[in-house]
Amino acid sequence: MSAQLSRNFCGSPDHVLNRRQFLGATAVGVAGLGGLSALSRSALAEELKRKDRRVILLWLAGGASQLETFDPKPGRPTGGPFFDIQTSVPGVRLCELMPKMAERLGKYTAIIRSLNTKDGDHGGASQTMMRGRRDEPNLRYPDLGAIVAKEFSRPAAGVPENVAIYSATEGRNFSRLSPGFLGARYAPVELSEKIGLDNVERPNGLSAEDHQARAHLREFLSSRFTRGRESSAGGRPAG
């Protein structure tokens with residue numbers, strides 16, 4: 001056990017959790033059965049919920065080649081035109097175009113250089129990457145966003161728990177985001193045309209004062225309704 005982990009260890013084997021363990025367990029789960037088995041481990045999921053963690057996936061569709069970034073292969077017939085440089089992790093080398101990343105590499109968990117979806121279609125390969133496996137004829141598997149939303153969801157969150165943002169046309173809809181068998185409850189809110197939701201902004205014909213007055217009235221009525229009531233989850237429902 002590392003010194004850093006020892007300082008944060010409470011003594012219970014159920015609470016041994018660090019960044020490498022989390023990402024390693026998640027990767028195994030996603031590659032195996034859609035990631036559900038990894039995140040359903042109670043100690044792992046509850047610890048992440050307690051820390052109020054969130055997951056941000058940067059999907060670089062149409063991004064730089066691996067030969068110009070993490071796997072340059074200099075001097076080989078299949079390599080790129082650039083040299084490689086040593087990183088802060090012994091034995092791991094990156095393309096010379098990434099000197100800052102090379103300095104910070106020790107803060108990251110892993111580089112996977114052996115992945116092959118065996119699918120020449122961009123859309124199909126992207127879908128496999130997002131879901132960890134291919135769909136079956138009568139069964140659609142959830143993508144990573146839906147899995148995380150299910151495991152970290154809160155009954156009264158009040159905001160979308162799975163949001164997909166595309167700010168460019170390159171790669172849009174390649175991954176075909178879907179909650180699969182988890183259902184529409186965990187489907188992503190897709191913001192493809194603009195960073196905002198339809199029908200949530202104040203209408204032009206409604207003044208700011210009237211809008212605020214309506215909000216106060218809604219809060220008043222909600223608080224009266226919830227007074228003395230308990231939800232099925234054992235707590236008071238959100239107003």
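Hi everyone, let me start with confidence: the mean pLDDT of this protein chain is 75, and 70% of its residues reach 70 or more. Please keep in mind that this is a predicted model. Two stretches deserve a word of caution. Residues 1–17 have pLDDT below 50, and in the model that stretch has 13 contacts beyond near neighbours in sequence. Residues 24–37 are also below 50, with 22 contacts beyond near neighbours in sequence. Where pLDDT is low, the predicted coordinates should not be read in detail.

Now for the overall layout. The protein chain has eight helices and four strands. If you walk along the sequence with me, the pattern runs α-α-α-α-β-β-α-α-α-β-β-α.

How much of the chain is buried? Of the 239 residues, 27% are buried. The accessible surface comes to about 16,700 Å², and carbon and sulfur atoms own 54% of that. As for contacts with a separation of 6 or more, 48% of them join residues 24 or more positions apart.

The structure holds one aromatic pair. Which way do the rings of Y141 and F181 face each other? Their centres are 6.0 Å apart and their planes sit at 75°; planes over 60 degrees apart count as edge-to-face, so that is what we call this pair.

Where are the two partners in the chain? Y141 is in the loop between α6 (122–131) and α7 (144–152), while F181 is in the loop between β3 (163–165) and β4 (189–191). The pair therefore ties together parts that are 40 residues apart in sequence. Do have a look at their surroundings, too. Y141 is buried, because its relative accessible area is 4%, under the 20% cut-off. F181 has 42% relative accessibility, so this residue counts as partly exposed.

Last stop, the surface. Which residues make the nonpolar patch of about 420 Å²? The answer is I56, L58 and L60. To find L60 on your screen, go to the loop between α4 (42–50) and β1 (84–86). With a relative accessible area of 70%, L60 is above the 50% cut-off and so counts as exposed.

Technical notes. Residues are numbered from 1 along each chain as its sequence is written. This is a predicted model: local features need pLDDT of at least 70, side-chain atom pairs count only at pLDDT 80 or more; totals for chains, interfaces and linings use all residues. Side-chain values use heavy atoms; hydrogens and water are left out. Patches are made of residues with over 30% relative accessible area and no salt bridge: like charges are joined within 9 Å, nonpolar side chains (Val, Leu, Ile, Met, Phe, Trp, Tyr) within 5 Å. Accessible areas come from the Shrake-Rupley method with a 1.4 Å probe; for residues, only the protein chains shown count as cover. A salt bridge is a side-chain nitrogen of Lys or Arg within 4 Å of a carboxyl oxygen of Asp or Glu. Helices (H or I, at least four residues) and strands (E, at least two) are DSSP runs, numbered from the N terminus. Buried means under 20% relative accessible area, exposed over 50%, partly exposed in between (1.4 Å probe, protein chains only). Contact means heavy atoms within 4.5 Å. Rings of Phe, Tyr and Trp (its six-membered ring) pair if their centres lie within 6.5 Å; planes under 30 degrees apart count as stacked, over 60 as edge-to-face and the rest as tilted. pLDDT is the predictor's confidence in each residue, from 0 to 100.
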